[in-house]
Amino acid sequence: MPLPPLLISGASTPAPRWRGSKTAVVACAALVVVVLLALLAPVLTSYGEAQILPGSELLPPSRTHLFGTDVLGRDVLTRVLYGSRISLGLAFLATVVATALGTAVGAAAGYSGGRVDALLMRLVDTLLALPRVLLLIGLLAIWPQLPLHVFVLVLGLTAWFPLSRLVRAEVRAIVTRDHVLAARALGSGHLQIVFRHVLPNAIGTVLVAAPLIAGGVIVLEAGLSFLGVGVQPPTASWGSIAYDGFEVVNSAWWVALFPGLAIAFTVTAINMLGDVLRDALDPRQLPLR
Amino acid sequence: MTPPSAGVGTPDVHPTPTTSRQSGPPLLEVRDLVKHFPIRRGILGRTVGHVRAVDGVSFQLWPGETLGLVGESGCGKSTTGRMVLRLLEPSAGSVHFDGADVLALSGARLRAMRRHAQIIFQDPFSSLNPRMTIGAAIREGLTIHRIAAGEAADRRVRELLSEVGLRPQFADRYPHEFSGGQRQRVGIARALSVSPRLIVCDEPVSALDVSVQAQVVNLLQDLQRDRGLAYLFIAHDLSVVEHIADRVAVMYLGHIVELASATDIYREPLMPYTQALLSAVPVPDPTVRSTRVVLSGDVPSPANPPSGCVFHPRCQHPRKDEACTKLVPPLEEKSAGHWAACIKQPPTTVHWEVQKAAGGTRQPERYLPDL
Amino acid sequence: MTPPPKGADAPGAEAPLLSVTDLRTYFHTNNGVARAVDGVSFTVAQGETVGLVGESGCGKSVTALSLMRLIQSPGRIEPGSSVRFEGTELLTLSEADMRRVRGNRMAMVFQEPMSALNPVFTVGDQIAEVARIHSRASRRDAWRQAVAMLELTGMPAPEQRAHEYPHQLSGGMRQRVLIAMALMMNPALIVADEPTTALDVTIQAQILELLADLQRRTGTSILMITHDLGVIAETARRVIVMYAGEVVEQSAVGPLFATPHHPYTEGLLAAMPRMGRRRDRLRVIPGTVPPPTDWPTGCRFRARCQYSWDRCANEHPPLYDLGDGRRSRCHLAVEPGRRAHPHEPLAAQAVPAR
């Protein structure tokens with residue numbers, strides 16, 4: 001496998017070894033399918049996201065309504081497809097926010113060491129001790145019509161703590177390596193060292209942890225929406241659809257089942273991707289020539 | 001020259017054994033360098049003591065010269081090397097590089113100094129960034145110090161690679177594609193990129209196989225000859241040091257205990273620790289069965305070093321006595337250019353009367369075991 | 001691991017303690033089959049110290065692990081290999097029977113005493129455990145034995161030290177603990193894999209002296225695996241030199257150092273800086289060891305050899321018998337005249353000259 005050419009930045013990642021990993025193929029294919037379904041929602045279904053079909057309330061799965069209809073007579077498949085846009089989008093954006101913050105705080109603590117490190121890590125300890133779900137429920141109870149972008153931010157802002165610990169530990173180990181010392185001896189500045197010598201080597205940890213954050217965010221969003229405090233109707237998310245279905249679960253199981261399955265399927269695929277990334281980034285897996 | 005004294009009763013002189021290379025001012029002058037690492041305990045991180053990793057080390061290094069710094073693990077030799085480049089901040093003492101006080105430098109001026117003093121590491125696996133091509137690693141110094149850019153930098157990288165015996169086409173490969181010896185060559189090329197005058201070689205061949213070790217040792221010698229480099233060559237392998245060094249300093253528990261030309265130190269080691277160290281090296285010749293000085297016990301903890309001479313609990317000098325446990329032996333000139341710290345090896349500036357007053361019962365006498 | 005079939009029997013009135021025949025240990029990796037040990041044969045007699053020397057990647061450590069059958073997947077001892085020890089073929093033993101050999105009749109001393117010890121138990125516990133595994137010694141007896149063993153290895157204050165944890169001991173003391181563990185069951189053979197490489201030279205001297213002394217007292221055999229020719233010269237009676245997964249030279253220690261036959265041995269000795277014999281330049285062996293997935297055909301040392309000729313490219317040299325127990329895997333054995341005409345090795349020409 002050819003390696004990337006000499007880059008000006010120099011801090012590129014050697015091409016990981018993907019070949020031969022069935023898990024990788026399955027996980028990636030599953031996620032591509034989920035994302036495609038979300039993007040192509042308007043093409044795949046002829047109903048609108050919140051379109052109510054009078055007289056079609058709580059129809060079981062059939063040829064016209066593969067996933068049945070809900071209590072208001074909306075097509076559940078359509079809702080799940082549109083809901084995936086919200087759920088995936090939220091997860092993606094919140095993960096970006098959490099990953100950036102976690103990496104920044106972890107790198108700052110690990111690279112600085114000493115007091116800065118102690119201070120930041122005590123802060124993280126405190127934040128980790130906060131009951132996150134209760135906090136979010138409380139916040140959403142105070143501010144029930146939380147705009148979606150603020151909701152994303154809040155999810156991201158409360159998801160970075162464990163990652164910062166991981167990154168910090170990794171960075172502590174990396175800064176003791178001789179190539180970091182060599183960079184100092186050459187006269188490199190701190191930012192240069194962090195961005196060229198430290199972070200590229202911690203990227204594996206981040207890439208492995210990020211999917212776990214994404215999976216967590218999907219589950220958390222679903223949970224909050226299920227409790228009725230997350231994504232607000234008529235916007236559909238997997239959690240809010242399941243919430244709608246929960247009230248009628250005894251008579252119309254399909255309303256809650258299909259968004260539930262979508263969550264399980266997606267989160268499993270994302271977690272598999274995390275495993276694959278960890279293996280692929282193991283330096284021993286790098287090709288020789 | 002009147003540097004400050006190094007220990008109790010140290011005469012106000014400085015070890016300057018002369019060799020042919022020494023003319024003009026030294027490139028590097030280290031005086032009374034000290035590094036104490038605090039030992040912290042408990043959740044509050046209270047300091048309960050200090051590890052005296054380096055405890056008053058002085059030496060000089062002239063342009064084009066190799067000073068070997070030998071000793072066993074924990075003796076402070078690597079710490080000394082790092083303090084010289086200010087990769088570690090000394091607790092006390094001074095370092096002058098090319099006449100400038102290194103410890104007073106900061107910011108841009110410290111960076112400028114680093115162009116002239118580089119380091120090569122022991123572990124060829126951790127000394128290169130696995131995510132950077134070796135070309136980029138070598139290029140880094142060129143960019144930082146604005147030595148070359150663009151096409152000119154590419155050319156310089158290729159030149160450096162061929163200078164250390166690697167194919168220029170290797171520039172776009174990653175460290176994991178190279179063997180230990182080849183990586184060590186990359187590390188050397190990286191150090192050379194900024195055209196330094198001093199290279200601290202921190203155990204540069206210790207991790208290499210014998211056949212590869214010889215390649216790297218020869219390369220270092222060639223580079224020194226071609227570029228007039230000075231080396232501070234830190235190693236625990238005494239045979240490699242004998243081969244490459246002009247002068248050798250032996251360290252034990254944070255102190256230099258002997259400093260002399262390589263010829264003198266291997267032919268006539270005066271400090272009993274040096275004697276034991278040399279005698280312990282296995283000889284690759286089954287017909288030679290040396291009478292070995294086997295030291296008993298382990299090196300004491302540098303957090304709690306012995307009083308007096310730090311080597312006295314393990315010393316095999318037949319004249320060792322109470323005085324050795326009380327008096328700190330100064331590093332003194334025993335013969336021209338041959339410095340050693342032992343009050344029982346005559347001549348010594350610590351007079352017999354002083355020794356007697358400290359409980360000495362045995363007069364100093366030359367001891368040179370058959371090695 | 002698939003149990004390979006029974007190896008060749010080598011019965012005899014004075015069968016050696018250990019007899020390894022055509023040992024092949026291959027690693028089946030994604031990058032191909034790494035033939036780490038590729039047809040190695042040697043013997044160790046009762047009470048003998050045999051040195052196994054070679055550089056990293058030559059297969060010496062894999063050989064040691066193969067003897068103990070401690071090779072892990074993707075590694076495999078290939079069918080047709082044979083390791084006979086005290087008259088038993090080890091490679092066909094059941095895992096349960098093999099456990100009775102390990103640590104009991106054949107013990108191992110590792111290079112890294114810190115990682116070879118469990119950090120959460122006291123060293124006394126760990127030594128005593130050996131006795132608890134292999135005999136029905138009571139807890140108290142095992143402990144008493146452990147302390148006695150520590151004392152035998154020259155550990156100062158063995159009673160107190162036995163109660164300490166590995167991190168409380170120095171490197172030299174930890175190595176004494178490992179040796180005490182190895183000696184606990186009075187084994188017939190100790191496989192010492194670079195036992196002093198991680199130690200300082202003065203501590204190395206102590207440990208080598210200790211091993212020699214213990215051998216005199218207990219009569220155990222030692223297979224001393226090391227890269228250090230100095231250690232070999234001081235400890236071994238017989239030497240096996242490995243290169244690229246094969247034995248390339250076998251000899252009593254004296255002749256090997258005086259007149260090395262294989263060009264690799266010769267190069268190795270010439271490349272070592274020696275105290276008291278300062279030279280301007282060290283002789284080098286150009287190039288590097290080829291990867292074990294891709295051993296060259298013909299002689300594996302050919303590209304780095306200063307004597308190689310066309311025969312070396314075409315014909316894989318057998319281990320020629322030179323008489324007096326000496327063997328060498330070099331065609332110079334049959335064409336000795338070629339030694340008079342050294343040339344620049346291929347590996348030195350391939351890389352642009354400095």
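This is a short tour of a predicted model, with stops in chain B and then chain C.

Before you start selecting, note that residues count from 1 along each chain as its sequence is written, while chains are lettered from A and ligands numbered from 1 in the order in which they are written. Because the model is predicted, local features need pLDDT of at least 70 and side-chain atom pairs count only at pLDDT 80 or more, whereas totals for chains, interfaces and linings use all residues; side-chain values use heavy atoms, with hydrogens and water left out.

**Stop 1: chain B as a whole**

Select chain B and switch to a cartoon view. Along the principal axes, the C-alpha atoms of chain B fill a box of roughly 75 × 55 × 50 Å.

Now try a surface view. Chain B has an accessible surface of about 13,600 Å², and 51% of that belongs to carbon and sulfur atoms (Shrake-Rupley method, 1.4 Å probe). Of its 371 residues, 60% count as buried; buried means under 20% relative accessible area, exposed over 50%, and partly exposed in between, with a 1.4 Å probe and protein chains only.

**Stop 2: B:Ile343**

Next, zoom in on B:Ile343, in the loop between strand S12 (338-340) and helix H11 (352-357) of chain B. With a relative accessibility of 3%, B:Ile343 counts as buried. Show its neighbours: leaving aside residues up to four places away in sequence, B:Ile343 touches B:Ala323, B:Cys324, B:Leu327, B:Pro329, B:Pro330, B:Thr348, B:Val350, B:Gln355 and B:Pro364. For a distance to draw, take the C-alpha atoms of B:Ile343 and B:Leu331, which are 9.4 Å apart.

**Stop 3: salt bridges in chain C**

Over all chains, the structure has 50 salt bridges (a side-chain nitrogen of Lys or Arg within 4 Å of a carboxyl oxygen of Asp or Glu). Start with helix H5 (residues 139-152) of chain C, where C:Arg144 and C:Asp141 lie three residues apart, about one turn of the helix. Their closest N and O atoms are 3.4 Å apart, and C:Asp141 is partly exposed at 36% relative accessibility.

Move on to helix H8 (residues 201-218) of chain C, which holds C:Asp213 and C:Arg217, four residues apart. This salt bridge spans 2.9 Å from N to O. C:Asp213 is partly exposed, at 25%, whereas C:Arg217 is exposed, at 53%.

Finally, select C:Glu266 and C:Arg339, whose side chains meet in a salt bridge of 2.9 Å, N to O. This pair links distant parts of the chain, 73 residues apart: C:Glu266 is in helix H11 (residues 263-271) of chain C, and C:Arg339 in the loop between strand S13 (326-328) and helix H13 (346-350) of chain C. C:Glu266 counts as buried, at 17% relative accessibility, while C:Arg339 is partly exposed, at 26%.

Technical notes:
Helix = DSSP H or I, 4+ residues; strand = E, 2+ residues; numbered from the N terminus. Contact = heavy atoms within 4.5 Å.
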